[in-house]
Amino acid sequence: MSEDNDYTLASLELSQAQEVIPGADQEMYLKALKEKESSMFKFSQFTERGKNEALGPDKDFAHDGFGTYEDKFSERPIIGELPTYDEIYKDESMQYILPNRTSVRRVVLSKSTLCIGAEYDLTRRVLGDKIPLDEIDGIYLSPHDETSFFIDTIQDGYNSGRKYHFRPPSDTLHAWVEGIRFQTDDYQARKFSTTKWFRTKAKKLYELSVMQSVVATLIMLNFVAIAAESQLQPDEKGDLYKRMRQVDVAFTIFFTLEICLNGFAHWLRPFLTNGWNLLDIVVVSFSLINLLRIDALSFMQPTRAFRIFRLAGRITELRKIVHSVGQALFPMANALFIGLIITCIFAILGTEFYSERDQKNFGTFSRSFYSLCMVTAFQQWDTQIPIFREDKSIDFGVLIYLVLLVFVLVWVMLQVVVATLLDNFVSATTRTYQEESISRLDQAETMNIDTGGLEALCSEVLKLFDTSDQLSRGIKKIFHKLDFDRLGRLDYWKMKEGLKKIHLKKTIEITEEDYNILIENGKASFQDRTVNLPQFERIIRKQLKMHVQRDLTDVMAMVEDTVEMRVLMSSHRILHINDPTEYVKKIREEKSVFLRDIDLFKRQLHADIDRLISLQGTLIKRTASMANSVSQENFQIAHLNDFESNELFLRAEKTDRDLEELTGAIRDLGSSVQGNVQVASLASDILKKFASPDTPGPPGTPPPGGNPPPPPAR
């Protein structure tokens, strides 16, 4: 079995174990499976990248991605994957037809989307594109050959009105068309139903700040009414009792309607997975039971007082405290359980040693346990087994027992329980503060200007790579995700449409102004304002660097009160800012190289001129020699026979051709020299510009007005 199959099996075992194996055994089993999956992933990623690179540069679309554990096992990868088999309605490979090319893709129809697999994907898992079923505007057969079908999408949707063209096998063509139509109608009927519309309106109404304020005020008034009833203790036959009873019924009806509205607005799973909603259900249920006035359930009457706890779910600061205490209780329970075990041990020892001497306090296990609890509550040691006997001697057995009890339970375990509670409470509060800080940082990012609109992408990409090579692979995968027609270029519209399809916390909607910032008003792109893969990689790398600089500025504003963090952030900012002296140094180095090239060019120009003069002298000599020989041959031609005359004419024609070729070579060389002279003139102008006082010269260049540098040695 291959390593890729082993990795797939490890992932399958991990998902199954999370559903089947309960308790502590599940934790140990999951830990072993995760280690196995991690090792398989490392080898699988290596082989997957190697296989992709073996396809060649034209077919390597970097489907292996960044190649990191964070990228592979993130909750929501930025480049999605095809649906799993339990979500698939139809699955088949077919031709995906683009205006400029046709390729075979895996097409998957699920309950809500029509997914298209990526091209040249060896794993058959990477998502290339998808069509939400609720955005399909029409599906119809091709009017030309009826062997393919088209899908139209709405203009303002996920695919910006694109038209998709597919050609499945002929025997499944109609099945695909009918299946997509059926799933589309079913999904749109469920999504745009009347119940869905009312649920959306109810959710907006319930989440209004005014609505929450009214509910919180009524909870507080209800608590005051319950406290007043407990204080006044009205007679059940009096008018005051009836009025308080009516007020309680009114509060109960209102809270019942409120919980019903909440349940309808957040139906079903979001409602039941919220702990505060479960608390509301329990409290309101007890209140409804109290209205029935059942004698057997009269003990539930005091549960009305717990309604005040519902207030904590609506006030942010109270909710933070309750949440932190709740998270601290579970770790504290472990320390409390250990203390309980030690108390039981001392209770057993006390029963064994002192049951005969003090039957009242240590006669049974429960009596001993109660006596020890009184000691740990700092009560007096009032038993029939005193430490000092009547003869004023010390009962060392009782003394040691009592000292160990106080030392272990009061001085150690009680402090451990309190320390555990405080430590976890502080940790929970810190996590809440960090979540708020992240939220504030995200909000600050949205307020930055001239960012290019890629803040959300940069935030996610920074978490997914370890090395520069992994970053390049990830950027390449993103590029081919955006380049859906495989032209090798991205323009504004392709980038605008493609960035919406990347899975991020916030959908990216770039504007033309953002695109101009990314391509630096055309400096970082071709003349037609398109970018290829190298240019796109340079743009992303620059945006990542600028994103880090902006984050440093925002974090500095958030930690103004902490001097150490502010100094640290300032230092990092300075390190990330480009140094002007380094830029000037780079310009001088480039100028030095340019001057050296100009000097070499001048030497080559002088050599070409000397060669031209030499060729011109040779031409004059050969022309005079040929003219002399032609005159002599014309004089002798009258005395030659016909055969010799023809031979002389052929030699003369050949000489004329040689003369024409030599003349052409001289003409070309003259043109080259003229062009070199123009270049030399341009170079002189550039040297004059470099020599101006405002322009820094290269290393070793004398200041203006100084002695010129010595001429280069021949």
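The protein chain holds 21 helices and seven strands; helices (H or I, at least four residues) and strands (E, at least two) are DSSP runs numbered from the N terminus. This is a predicted model, in which local features need pLDDT of at least 70 and side-chain atom pairs count only at pLDDT 80 or more, while totals for chains, interfaces and linings use all residues. Residues are numbered from 1 along each chain as its sequence is written, and side-chain values use heavy atoms, with hydrogens and water left out.

**Whole chain**
- Of 714 residues, 35% count as buried (under 20% relative accessible area; exposed is over 50%, partly exposed in between; 1.4 Å probe, protein chains only).
- Among contacts (heavy atoms within 4.5 Å) with a separation of 6 or more, 61% join residues 24 or more positions apart.
- The accessible surface is about 44,600 Å², and carbon and sulfur atoms hold 60% of it (Shrake-Rupley method, 1.4 Å probe; for residues, only the protein chains shown count as cover).

**Annotated segments**
- An unreviewed UniProt entry annotates "transmembrane region" at 208-228, 249-268, 274-292, 328-349 and 398-422. Such annotations may be inferred rather than shown by experiment, and feature names are shortened.
- Residues 208-228 are 95% helix and 0% strand, with end C-alpha atoms 31 Å apart.
- Residues 249-268 are 85% helix and 0% strand, with end C-alpha atoms 27 Å apart.

**Nonpolar cores**
- The largest core has 31 residues; Leu457, Ile478, Met495, Leu499 and Phe536 touch the most other members. A nonpolar core is a set of buried Ala, Val, Leu, Ile, Met, Phe, Trp, Tyr and Cys residues joined through side-chain atoms within 4.5 Å.
- Two or more residues each come from α14 (455-461), α15 (468-482), α16 (492-499), α17 (512-518) and α18 (533-558). α15 gives the most, with five.
- A second, separate core of 20 residues includes Leu109, Ile131, Phe149 and Ile151.

**The α15/α18 pair**
- The axes of α15 and α18 lie 10 Å apart at an angle of about 120 degrees (lines fitted to C-alpha atoms over the stretch in contact; angles run from 0 to 180 degrees between N-to-C directions).
- The contact involves, among others, Ile475, Ile478 and Phe479 of α15 and Phe536, Ile540 and Leu544 of α18.
- Beyond its neighbours within four places in sequence, Phe536 contacts Ile475, Ile478, Phe479, Leu482, Leu490, Met495 and Val531.

**Tyr158**
- Tyr158 sits in the loop between β6 (149-153) and β7 (163-167).
- Tyr158 counts as buried because its relative accessibility is 17%.
- Not counting residues up to four places away in sequence, Tyr158 touches Asp129, Lys130, Pro132, Glu135, Lys500 and Lys501.
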